[in-house]
Amino acid sequence: MTLSQWFIFFLILQVIHFIGTWRIYEAANRKRWEAAVPIYNAIVLMKIINRPSWWTILLFVPIVNLIMFPVIWVETLRSFGKNTTPHTLLAIFTCGFYIAYVNYTEKLDHIPNRSLIPVNKTADTISSLLFAIVVATIVHTYVMQPYQIPTSSLEKSLLVGDFLFVSKFHYGARVPMTTVALPMVHDTIPILHKKSYSKWPQLPYLRFPGLEKVQKNDIVVFNWPVDTVYKFFDKSNRKADKPIDKKSNYVKRCQGTPGDMFEIRDGVVYINSKPLVLPERAKPQYSYLATTNGSPLDPNYLIKDLNITDGVYQTGANTFLFSALTEESAGRLKNNPVITNLVKNISKEPEPSVFPQINNGWNKDNYGPIYIPEAGKTVQLTAENIPFYKRIISEYEGNDLKVTGSDIRIDGKIVNSYTFKQNYYWMMGDNRHNSEDSRYWGFVPENHIVGKPVFIWLSLNSHGTGLSKIRWERMFTTVGGDGQPYSYFKFFLIALVAYFGFTFYLGRKKETES
């Protein structure tokens, strides 16, 4: 929905609210017209139901308002003595329209100073639970979101089994575009494996100001632009038509920012013809072909000295493929007396599957140069370069694009240039030969950016058992920053012990005084 459509929709809701509640406002000694003024009517309603005025803000927070609306409906009825279970259920299951019925058919006796203390333990539990869900939803949506690393594309920097906190405020929290969805659930209802959202209505893209912009070498969580997850949809069609904010979450390292000329030469990233300098914590890996003297490779050596638990494949009698080695690990392996030859597996052959899927001789190790679009910048369009921008023009920026021979039509007009409406980024994994990234599906639009991983709060090793399953050295470490990661786990334990000790002390002191 566009902003004008949302405005009309909002006005319709205000009319419905006035028609269904004006007698309720009058019964509470308010003016009839107060039920008709947008936003002000909500503030007045909070006073009528004896709730704080700031609750009005929650009614306009996407997702959170889905929780608050039923609460307000029930609270409104209870403010007029309608506090039985049937009244509560009718308010919820009629989506508040039962209030309109009460407005015209029931005697309205307002209780201005009704008690807000729950009448029983069940009511108290429900009230506490709703409050916890509201707070958690706000934090999850606008402040910090938990995330688990599912693949090895950022191996060495982020490991499979790392559990992260992803900051929403670093790049600016994105207002949910999907307004009807279960709170704190992405695209699937757990256990049921059904869609957790409705595609209608949709809010236009809006992002709050952030602390910083996405920089080169930042690790970024984003919605996968070409999401083809289809398990919960029509299995005959692999493409899942999801809203932007419900596309699958990916995490990669930003290697190109808006306006850059991006290129890969023999596996090395170049930005504007200069090699991109990676931070110390970035450990790019490549596949290597190793030849041995016939002696077996010691598994303990691979695990302890090279930190390799998988990704080693025997391709011949004396040849092995190491799918992900850093330069440091490759150097140590090369010095092993068993190894007679070690070669980085740099691809030279054309790879038609790389973006934009045309036969231009590019591959994952030798790619580009390619321009990364910047908002407000204009490019000339030709039949040769239209494959690079086709998805941007039609999918990401919502134009009607038709290409017939050398004629390029956008929204019915023949054009020879295009001005980009938003910024785009180039995302890649550090595990260069085991990462499905921008080299295969292209640019990441700015409106797909979710947030910045800032903290690892837990890390589990699938090869471990018992307590050794936990990577203790990675717990409570920062994702970014200079130097090697440092664990703040001991400080967390000290703070936790201090908190419980202080709480216990206050409890004992209170008992002594009483």
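Modeller: Here is the chain, and we can go from the overall figures to single residues. This is a predicted model.

Biologist: How many helices and strands in the protein chain?

Modeller: The protein chain has 12 helices and 25 strands. Its C-alpha trace spans about 95 × 80 × 40 Å along the principal axes.

Biologist: What share of the residues is buried?

Modeller: Of the 514 residues in the protein chain, 44% are buried. The chain exposes about 27600 Å², and carbon and sulfur atoms supply 61% of that area.

Biologist: And the contacts between residues at least 6 apart in sequence: what part joins residues at least 24 apart?

Modeller: That part is 66%.

Biologist: Let's start at helix H1. How far does H1 reach from its first C-alpha to its last?

Modeller: Helix H1 covers residues 3-27, which is 25 residues, and reaches 35 Å.

Biologist: Where is the kink in H1 centred?

Modeller: The kink in H1 is centred on Thr-21 and comes to about 55°. Thr-21 is also one of the buried residues of H1, along with Trp-6, Gln-14, Gly-20, Trp-22, Ile-24 and Tyr-25.

Biologist: You mentioned E6. Which peptide bond is cis around Pro-201?

Modeller: The bond joining Trp-200 and Pro-201 is cis, with omega at about -5°. Pro-201 sits in strand E6, residues 197-202. Another cis peptide bond joins Gly-368 and Pro-369, with omega at about 10°. Pro-369 belongs to strand E16, residues 367-371.

Biologist: Back to positive phi. What is phi at His-193, and where does the residue sit?

Modeller: His-193 has phi near 55°, and it is not a glycine. The residue lies in the loop between strand E4 (188-189) and strand E5 (194-195).

Biologist: Is His-193 buried or exposed?

Modeller: His-193 has a relative accessible area of 52%, and the cut-off for exposed is over 50%, so His-193 counts as exposed.

Biologist: What about Asp-266?

Modeller: Asp-266 is not a glycine either, and has a positive phi of about 50°. Asp-266 is placed in the loop between strand E9 (261-265) and strand E10 (268-271). Its relative accessibility is 38%, so it counts as partly exposed, the class between 20% and 50%.

Biologist: Switching to His-170. Buried or exposed?

Modeller: Buried, because its relative accessibility is 17% and the cut-off is under 20%. His-170 is in the loop between strand E2 (162-167) and E3.

Biologist: Which residues is His-170 in contact with, leaving aside neighbours within four places in sequence?

Modeller: Those are Gly-210, Leu-211, Glu-212, Lys-452 and Val-454.

Biologist: Now the sheets. What is the strand order in the open sheet of four strands?

Modeller: The order is E13-E14-E12-E15, with antiparallel pairing. Strand E13 (312-314) and strand E15 (339-344) are the edges, each pairing on one side only. Neighbouring strands in this sheet are turned by 20° against each other on average, direction ignored.

Biologist: How many bridges join E13 to E14?

Modeller: Three bridges join E13 to strand E14, residues 319-325, and the two run antiparallel. Tyr-313 stands opposite Leu-321 in E14.

Biologist: Which strands does helix H9 lie across?

Modeller: H9, residues 327-334, lies across strand E12 (286-292), E14 and E15, and runs at about 155° to E15.

Biologist: And the open sheet of three strands, what order there?

Modeller: E18-E19-E20, again with antiparallel pairing. Its edge strands are E18 (401-404) and E20 (413-414). Strand E19 (residues 407-410) pairs with E20 over two bridges, and Ile-410 stands opposite Lys-413 in E20.

Biologist: Which of those strands does helix H10 touch?

Modeller: Helix H10, residues 386-396, packs on the sheet and touches E18 and E19. The direction of H10 makes about 150° with that of E18.

Note on methods:
Residues numbered from 1 in each chain as written. Predicted model: local features only at pLDDT ≥ 70, side-chain atom pairs only at ≥ 80, totals over all residues. Heavy atoms only, no water. Pairing = 2+ DSSP bridges. Axes fitted to C-alpha atoms, helices over the stretch in contact; angles between N-to-C directions. Contact = heavy atoms within 4.5 Å. Buried < 20%, exposed > 50% of the residue type's maximum accessible area, 1.4 Å probe, protein only. Expected span 1.5 Å × (residues − 1). Bend = angle between axes of the 7 residues up to and from the residue. Areas by Shrake-Rupley, 256 points an atom, 1.4 Å probe, with all protein chains shown as cover.
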